[in-house]
Amino acid sequence: MRLGAAALASASLLTLAPDGPPPLRDLPARMADTGGGTQLITAQAPRGKATSGTLTWWDRRGGRWVRAGSARARFGSGGLVEGRSRRQGTNTTPTGLYELPYAFGIEAAPSGTSMPYRRVRKGSWWCQDNSSRSYNRWTEPRPADCRAGESEHLITYRKQYAHAVVIGFNYERPVRGRGAGIFLHVDGSGATAGCVSVPAGAMRRILAWADPAREPHIAIGTESGTTALTRY
């Protein structure tokens, strides 16, 4: 085959080849639900077994979603699973659309933060004990029915919890055994235990950007399949 014909054939194959993932720029427009507010965070992984992906924060302006910022994201070491079927202790990140109840941190809130912000102290714990009345709640001090070995002593995670936001997974009406303590926080040394993490600079920018009056939500999911972010 002559070179010109070969080039033409290759171009035809490229034209017929199936498209890759839709562009990130229109991601919120393809979602089933964005929470009803005018701010949104998307955390998308390429597939369910992935431990990294992209986190993007968006503003609703003039009837369309506009990207306000983006950063590399890390997910659970066990990958991502449907939030409604997640089990505690699997190190998986729950997919779904969630509210962001409040922020917290060992360090002071970054300048411009308007979300409710709670400072971590020596007596601050997040109860993950399934038998406790305080399951999936901040406790200060730790109650007697919440075992230390089944909870997080928040101040011991100085890097990760320098700044963080509570993700409303299993939060409003906690189902025991489904999981507790799912946050958006600063990167540690690798994949998380089920949270979503971003670099420290991105975490500060998100806190300065998020406005409770605009009802920000976070959507977590994959590019395709049963846990596709666009399904939420």
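Student: Is C127 buried or exposed?

Tutor: This is a predicted model, so read each value as computed from it. Buried means under 20% relative accessible area. C127 has a relative accessible area of 0%, so C127 is buried. C146 is also at 0% and therefore buried.

Student: What joins C127 to C146?

Tutor: In general, a disulfide is a covalent bond between the sulfur atoms of two cysteines. Here a disulfide joins C127 to C146, with 2.2 Å from S to S. A search of the whole structure finds one disulfide. The torsion about the S-S bond of C127 and C146 is about 120 degrees, which means that the disulfide is right-handed.

Student: Where in the chain are the two cysteines of this pair?

Tutor: C127 lies in strand β8 (residues 125-127), while C146 sits in the loop between β9 (137-139) and β10 (151-153). The pair links distant parts of the chain, 19 residues apart.

Student: Next, the nonpolar core. Which residues of the largest nonpolar core touch the most other members?

Tutor: The general idea is that in soluble globular proteins, nonpolar side chains tend to be buried together. In this structure the largest nonpolar core has 30 residues, and I41, L55, I167, L184, V196 and I220 touch the most other members. Several elements each supply at least two residues of this core, among them β1 (39-45), β2 (52-61), β3 (64-74) and β14 (217-222). Helix α2 (200-209) is another of these suppliers, and α2 gives the most to this core, with five residues.

Student: What is I41 in contact with, leaving aside its neighbours within four places in sequence?

Tutor: The contacts of I41 include L55, W57, L100, L184, I206, W209 and I218. There is also a second, separate core of 16 residues, which includes Y102, I106, W126 and W138.

Student: Why is strand β5 described as largely enclosed by the rest of the structure?

Tutor: A general point about strands is that in a regular strand the side chains alternate between the two faces of the sheet. As for β5 (residues 93-99), five of its seven residues are buried, so β5 is largely enclosed by the rest of the structure.

Student: How many bridges join β5 to β14?

Tutor: Four, and the two strands run antiparallel. Y98 has I218 in β14 as its bridge partner. With strand β4 (residues 80-82), β5 pairs in the parallel sense over three bridges. There V81 stands opposite P94 in β5.

Student: Last, the charged pairs. How many salt bridges are there?

Tutor: To count a pair, look for a side-chain nitrogen of Lys or Arg within 4 Å of a carboxyl oxygen of Asp or Glu. By this rule there are nine salt bridges. One of them is between the side chains of R30 and D26, at 3.1 Å from N to O. R30 is partly exposed at 30% relative accessibility, and D26 is partly exposed at 27%.

Student: Which residue forms a salt bridge with R84?

Tutor: E82 does, and the closest N and O atoms are 3.1 Å apart. R84 counts as exposed at 64% relative accessibility, whereas E82 counts as buried at 18%. Elsewhere, salt bridges that share partners join D59, R61 and R214 into one network.

Key
Residues numbered from 1 in each chain as written. Predicted model: local features only at pLDDT ≥ 70, side-chain atom pairs only at ≥ 80, totals over all residues. Heavy atoms only, no water. Buried < 20%, exposed > 50% of the residue type's maximum accessible area, 1.4 Å probe, protein only. Core = buried A, V, L, I, M, F, W, Y, C linked by side-chain atoms within 4.5 Å. Contact = heavy atoms within 4.5 Å. Pairing = 2+ DSSP bridges. Disulfide = S-S within 2.5 Å.
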